[in-house]
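Visitor: I have a structure to go through with you. Could we take it residue by residue?
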Amino acid sequence: MIVVNELPVPPVLVEAVNNGHWAPPADKRLMSAVFGEDPDYPAFYSLKAMVEQTEGLFNLDLDILTWYLGDVDGVDRPGVISTDRTVLIGDLGLERPFALDYSESIPSPGVVFFAENGRWRQVAPDVASLLVLLKIS
């Protein structure tokens, strides 16, 4: 089992990373449809980068970290993330990460994206669904 931020990375994601399939799809329209925003320079993190990026984010100064934690507006759900229930797994470009959100389920975390409006938005109920939506096999 691979653990990041004391949370188990879903085996389906570990497998996708290890077999080289965890990469931005060639058709960027798929990403736009899933995330609701166009990607700039998308990156899908290696397991090592997931550790580094997650630790890096949560070690930021409190004033910057507070911005990354998001905000609740009643529209975008969940709106916010918790440092002890999140693992960054990629980004759509500068300051546009997406992550595993373990706030509702440890074995099957949802996938959330830090949208341009400064709120976290769920884009898939789990990693397996994200892989299907992005046509990553």
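Visitor: To begin, is Asn-5 buried, partly exposed or exposed?

Guide: Asn-5 counts as partly exposed, because its relative accessibility is 31%; buried means under 20% relative accessible area, exposed over 50%, and partly exposed in between, with a 1.4 Å probe and protein chains only. Please note that this is a predicted model, in which local features need pLDDT of at least 70, side-chain atom pairs count only at pLDDT 80 or more, and totals for chains, interfaces and linings use all residues. Residues are numbered from 1 along each chain as its sequence is written, and side-chain values use heavy atoms, with hydrogens and water left out.

Visitor: What is the phi of Asn-5?

Guide: Phi of Asn-5 is near 55°, a positive value in a residue other than glycine.

Visitor: And Glu-95, what is its phi?

Guide: Phi is near 60° for Glu-95, again a positive value in a residue other than glycine. Glu-95 is partly exposed, with a relative accessible area of 45%.

Visitor: Turning to Asp-91, which side chain does its side chain make a polar contact with?

Guide: The partner is the side chain of Tyr-45, at 2.7 Å. A polar contact is a pair of N or O atoms within 3.5 Å; within protein, one must be able to donate a hydrogen and the other to accept it, and residues adjacent in sequence count only if both atoms are side-chain atoms.

Visitor: Which residues is Asp-91 in contact with, leaving aside neighbours within four places in sequence?

Guide: They are Tyr-41, Pro-42, Ala-43, Tyr-45, Arg-96, Pro-97 and Phe-98, where contact means heavy atoms within 4.5 Å.
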